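The sequence and coordinates are shown first.

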Amino acid sequence: MQDEYRTVAGTGVHETEVNRSRFLCALAPAATEQEAQDFIATVRKEHADASHNCWAYVIGADASVQKASDDGEPGGTAGVPMLQMLLRRDMRYVVAVVTRYFGGVKLGAGGLIRAYGGAVGEALDTLGTRTRRRFRLATVTVDHQRAGKLENDLRTTGREVRGVRYGEAVTIEIALPDADVDAFRSWLADATAGTAGFEAGGEAYGDA
């Protein structure tokens, strides 16, 4: 698994104009290929009167799924430069749709490549991105007497607390960078006089 990747901060649209043609770049996070295709369908429906709705998406932290479409523009002048811009910016789990309303001036192949790739780059700059980092999920079990202070210590030291469950003992679910697991075990033993249990679980991505 990749240690980290970048994705869009949220869904949004950014508009640019090139030689009287309007280019609207819609960006959205997409956890799956189906989500990406659903977003593309939504934008196409919204802009059914546009000259073109070209798109590209990258799914997977390792960019295992990469697809693009020129939607009637000359081959390789729209979808591919959009995809290249996403990859150049290390974007993952993201879909981009650039809607073009033709303004009467032909741009030529080079102009189209710059316009479509540029629309995605400008949208990323304007709408913002965020970094997601791989974490190790873990469970800490501690007695009720120590639980409140331990939870507070976890939060004040910047650890990500994902959940707290109260039973015979208190179970605190956390997420740790892989490299911190050994150091965390030592810290936990010191903080609880060796009374807390620690169990490492699977992996997940969270905001860095």
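The text below goes from the domains to the helix pairs, then to the cysteines and single positions.

**Domains**

The model is predicted. Its chain is divided into domain 1, residues 4-127, and domain 2, residues 132-207. The C-alpha centres of domain 1 and domain 2 are 41 Å apart.

**Helix pairs**

| Helix pair | Angle between axes | Distance between axes |
|---|---|---|
| α2 and α3 (108-127) | about 35° | 8 Å |
| α4 (144-156) and α5 (181-191) | about 145° | 12 Å |

Helix α2 passes α3 in a right-handed crossing. On the α2 side the contact is made by P81, M82, M85 and L86, and on the α3 side by I113, Y116, G117, V120, G121 and L124. By residue class, the contact of α2 with α3 has 8 nonpolar residues, 2 polar ones and no charged ones.

The crossing of α4 and α5 is right-handed. In this pair L150, D153 and L154 of α4 meet F184, W187 and L188 of α5. The residues of the contact of α4 with α5 comprise 5 nonpolar, no polar and 1 charged.

An α-helix has 3.6 residues a turn, so residues three or four places apart point the same way.

Which residues of α2 are buried? They are G79, P81, M82, L83, M85 and L86. These buried residues of α2 pack against strands β4 (52-59), β5 (65-69) and β6, and against helix α3.

Just after α2, D90 takes a positive phi of about 60°. D90 sits in the loop between α2 (79-88) and β6 (94-101). The relative accessible area of D90 is 44%, so D90 is classed as partly exposed.

**Cysteines**

How many disulfides does the model contain? The count comes to 0. C25 is in no disulfide, and the nearest cysteine sulfur, that of C54, is 11 Å away.

**A buried histidine**

H14 lies in strand β2. Is H14 buried or exposed? H14 has a relative accessible area of 17%, so H14 is buried, given that buried means under 20%. Leaving aside neighbours within four places in sequence, H14 is in contact with F23, L24, C25, E122, A123 and T126.

**Loop positions**

R20 is in the loop between β2 (12-18) and β3 (21-29). The phi of R20 is near 75°, a positive value in a residue other than glycine. With a relative accessible area of 55%, R20 is exposed.

Where is G104 found? G104 is in the loop between β6 and α3. At 51% relative accessibility, G104 counts as exposed, because the cut-off for exposed is over 50%. G104 and N19 are 85 residues apart along the chain, yet their C-alpha atoms are separated by 8.3 Å.

D49 occupies the loop between α1 (33-46) and β4. The relative accessible area of D49 is 61%, which means that D49 is exposed. D49 and R100 are 51 residues apart along the chain, with 9.8 Å between their C-alpha atoms.

Notes: Residues numbered from 1 in each chain as written. Predicted model: local features only at pLDDT ≥ 70, side-chain atom pairs only at ≥ 80, totals over all residues. Heavy atoms only, no water. Domains from an automatic or database assignment. Disulfide = S-S within 2.5 Å. Axes fitted to C-alpha atoms, helices over the stretch in contact; angles between N-to-C directions. Helix = DSSP H or I, 4+ residues; strand = E, 2+ residues; numbered from the N terminus. Left-handed = near helix turned anticlockwise from the far one by under 90°. Contact = heavy atoms within 4.5 Å. Nonpolar A, V, L, I, M, F, W, Y, C, P; charged D, E, K, R; others polar. Buried < 20%, exposed > 50% of the residue type's maximum accessible area, 1.4 Å probe, protein only.
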